Amino acid sequence: SAMDLSYLRTISDDNPEFIKEMVTAFQEVMPKSIDELKYLWRHKAWDALAKATHKMRPSLTMMGLPFAKELSIQIENNAKSQKNRKFIPDQVEDLCLMLESALAELNQIKI
């Protein structure tokens, strides 16, 4: 599993309501974020892409997704740097796959 909910359990004192709330928020927001990331890089909206990846970072931290978080940092930096934009399509693809698999995993577990 790429996801580690122990951070969420720690900061919430293992409060089931809080954990459920965070998980539900993630499940509601992330599908939209995935679509947004794909849309933005296809339209070469680099500033918006940098902002979008920056904005999703707290929830990646919260949900214990360190690889996705790392990738979001790389995408943000590459979006700001003209010569590194060629890496973005693959990175966005990878990030979206990670997020989709995290969502699938959350659908399987009982919080």
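The structure is a predicted model, in which local features need a pLDDT of at least 70 and side-chain atom pairs count only at pLDDT 80 or more, while totals for chains, interfaces and linings use all residues. Residues are numbered from 1 along each chain as its sequence is written, and side-chain values use heavy atoms, with hydrogens and water left out.

Arg 57 belongs to helix 3, and with a relative accessibility of 14% this residue counts as buried; buried means under 20% relative accessible area, exposed over 50%, and partly exposed in between, for a 1.4 Å probe and protein chains only. When neighbours within four places in sequence are left aside, Arg 57 is in contact with Lys 69, Ser 72, Ile 73 and Glu 76, contact being defined as heavy atoms within 4.5 Å.

The protein contains 5 helices and 0 strands, and its pattern along the sequence is α-α-α-α-α. Helices (H or I, at least four residues) and strands (E, at least two) are DSSP runs, numbered from the N terminus. The radius of gyration is 14 Å, close to the 13 Å that the globule rule gives for 111 residues, so the protein is as compact as a globular protein of that length; this radius is taken over C-alpha atoms, and the rule is 2.2 Å times the number of residues to the power 0.38. The C-alpha trace spans about 45 × 20 × 20 Å along its principal axes. Of the 111 residues, 38% count as buried, and among contacts between residues at least 6 apart in sequence, 62% join residues at least 24 apart.

Helix 2, comprising residues 16–42, has 27 residues and reaches 39 Å from its first C-alpha to its last, close to the 39 Å expected at 1.5 Å a residue, the expected span being 1.5 Å times one less than the number of residues. At the N-terminal end, helix 2 is capped by Asn 15, a side-chain oxygen of which lies 2.8 Å from the backbone nitrogen of Glu 17. Helix 2 bends by about 30 degrees at Val 29, and the proline Pro 31 follows within four residues; the bend at a residue is the angle between axes fitted to the seven residues ending there and the seven starting there. Among the buried residues of helix 2 are Ile 19, Val 23, Phe 26 and Met 30, and the buried residues of this helix pack against helix 1 (6–11), helix 3 (46–62) and helix 5 (88–108).

In helix 3, the end C-alpha atoms are 25 Å apart, which agrees with the 24 Å that its 17 residues should span at 1.5 Å a residue. A kink of about 30 degrees lies at Met 56, shortly before the proline Pro 58. The buried residues of helix 3 include Trp 46, Leu 49, Met 56 and Arg 57, and their cover includes helix 2, helix 4 and helix 5.

The largest nonpolar core has 31 residues, of which Phe 26, Leu 49 and Met 63 touch the most other members; such a core is a set of buried Ala, Val, Leu, Ile, Met, Phe, Trp, Tyr and Cys residues joined through side-chain atoms within 4.5 Å. Helix 2, helix 3, helix 4 (66–80) and helix 5 each supply at least two residues of this core. Residues up to four places away in sequence not being counted, Met 63 touches Met 3, Asp 4, Leu 5, Leu 8, Met 22, Val 23, Phe 26 and Leu 106.

Positive phi values occur at several positions between helices. Most residues other than glycine have a negative phi. Asp 13, which is not a glycine, has a positive phi of about 55 degrees; this residue lies in the loop between helix 1 and helix 2 and is exposed, with a relative accessible area of 71%. Lys 44, in the loop between helix 2 and helix 3, has a positive phi near 50 degrees and counts as exposed at 54% relative accessibility. Gly 64, which follows helix 3, has a positive phi near 65 degrees.

Conventions:
Polar contact = N/O pair within 3.5 Å; in protein donor to acceptor, adjacent residues only side chain to side chain.
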